[in-house]
Amino acid sequence: MVTSIRVIVGIIGSVVCVLLYAVPVLTFKRVVKEASVGEFSCVPYILALFSAFTWGWYGFPIVSDGWENLSLFGTCAVGVLFEASFVVVYVWFAPRDKKNIICRPAFNLQKSVVLMVSLVVATLCVIVSLSSFVFHTHHMRKQFVGSIGIVTSISMYSAPLVAVKQVILTKSVEFMPFYLSLFSLLTSFTWMLYGILGRDPYLTIAVYCIYSRCNRPPKAVNGATTSREDANDCKV
């Protein structure tokens, strides 16, 4: 009975989470239309890609026991496609030289993004290798990957704080879109319930840590969102 309920909750969580992943499509439609990334930061999308990869690996049978986390794996696979697409679009329309507010001298934004993505891929390769060949039981692998997943999830939802300086300087606030708030709430509830039903402490703790902090309206610069639709503007 509990297993059947968990499967249903997993399916519902997958659908809602995919809708949440798809929300930034509206932002990137504007990026494509204007042929410019403007003041958007790519950091939240890179961290989201890292988190989706990590939790997707967590749901894969090598780490999990069989396909017990099939819903999680499927959702993260879709998330990887979305986030990878956002990063590619960002790199395509990012200026080659952009003035850094902190360091002043111009820097190559495209190369910086490619470097960050390369570091993420290298880190993922290390995680996959260690969890596959160093840890020999599903329990140990879940402990290792799950612990990393908690950190990546919290980092992902804290990423928009990179724009906090601009927010303070401009004192500009834009309220969170209704559907973004709705999908965030539904996603947090369904995945936490999914983790509880499966007695999965890592998934439950990750969702709790993420969404217990996300209770502020997002910030914006000059009336425009700063990153990832500012859905992830969370307290730390």
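**Charged side chains and their surroundings**

The model is a predicted one, and in it a search of the whole structure returns one salt bridge.

**The salt bridge**

- Lys 142 forms a salt bridge with Glu 68, and the closest N and O atoms of the two are 3.2 Å apart.
- The pair links distant parts of the chain, since Glu 68 is in the loop between H3 and helix H4 (70-93) while Lys 142 is in helix H6, 74 residues apart.
- In general terms, side chains of opposite charge can pair when their charged atoms come close.

- Arg 141 is placed in helix H6, which covers residues 138-158.
- The side chain of Arg 141 does, however, reach the backbone oxygen of Ser 131 at 2.8 Å.
- When residues up to four places away in sequence are not counted, Arg 141 touches Ile 62, Val 63, Ser 131, Ser 132, Phe 135, His 136 and Gly 146.

**Aromatic pairs**

- The search of the whole structure finds 10 aromatic pairs, and among them Phe 28 and Tyr 45 form an edge-to-face pair, with 5.1 Å from centre to centre and 80° between the planes.
- This pair also links distant parts of the chain, with Phe 28 in helix H2 (residues 25-34) and Tyr 45 in helix H3 (residues 43-59), 17 residues apart.
- Phe 28 is counted as buried because its relative accessibility is 7%, and Tyr 45 is buried as well, with a relative accessible area of 0%.
- Trp 57 and Phe 60 form a stacked pair, for which the centres are 5.7 Å apart and the angle between the planes is 15°.
- Trp 57 counts as buried at 14% relative accessibility, while Phe 60 counts as partly exposed at 28%.
- One aromatic cluster is formed by Phe 28, Tyr 45, Phe 82 and Phe 86.

- H3 has 17 residues and reaches 24 Å from its first C-alpha to its last, which is close to the 24 Å expected at 1.5 Å a residue.
- Of the 17 residues of H3, 14 are buried, so this helix is largely enclosed by the rest of the structure.
- Leu 109 lies in helix H5 (residues 109-133) and, at 9% relative accessibility, counts as buried.
- The C-alpha atoms of Leu 109 and Ala 94 are separated by 6.4 Å, although these residues are 15 residues apart along the chain.

**The fold as a whole**

- The secondary structure comes to nine helices and four strands, and from the N terminus on the elements run α-α-α-α-β-β-α-α-α-α-α-β-β.
- The protein has 236 residues, of which 44% count as buried.
- Among the contacts with a separation of 6 or more, 73% are accounted for by residues 24 or more positions apart.

Terms used: Residues numbered from 1 in each chain as written. Predicted model: local features only at pLDDT ≥ 70, side-chain atom pairs only at ≥ 80, totals over all residues. Heavy atoms only, no water. Helix = DSSP H or I, 4+ residues; strand = E, 2+ residues; numbered from the N terminus. Polar contact = N/O pair within 3.5 Å; in protein donor to acceptor, adjacent residues only side chain to side chain. Contact = heavy atoms within 4.5 Å. Phe/Tyr/Trp six-rings, centres within 6.5 Å; stacked < 30°, edge-to-face > 60°. Buried < 20%, exposed > 50% of the residue type's maximum accessible area, 1.4 Å probe, protein only. Expected span 1.5 Å × (residues − 1). Salt bridge = Lys/Arg side-chain N within 4 Å of Asp/Glu carboxyl O.
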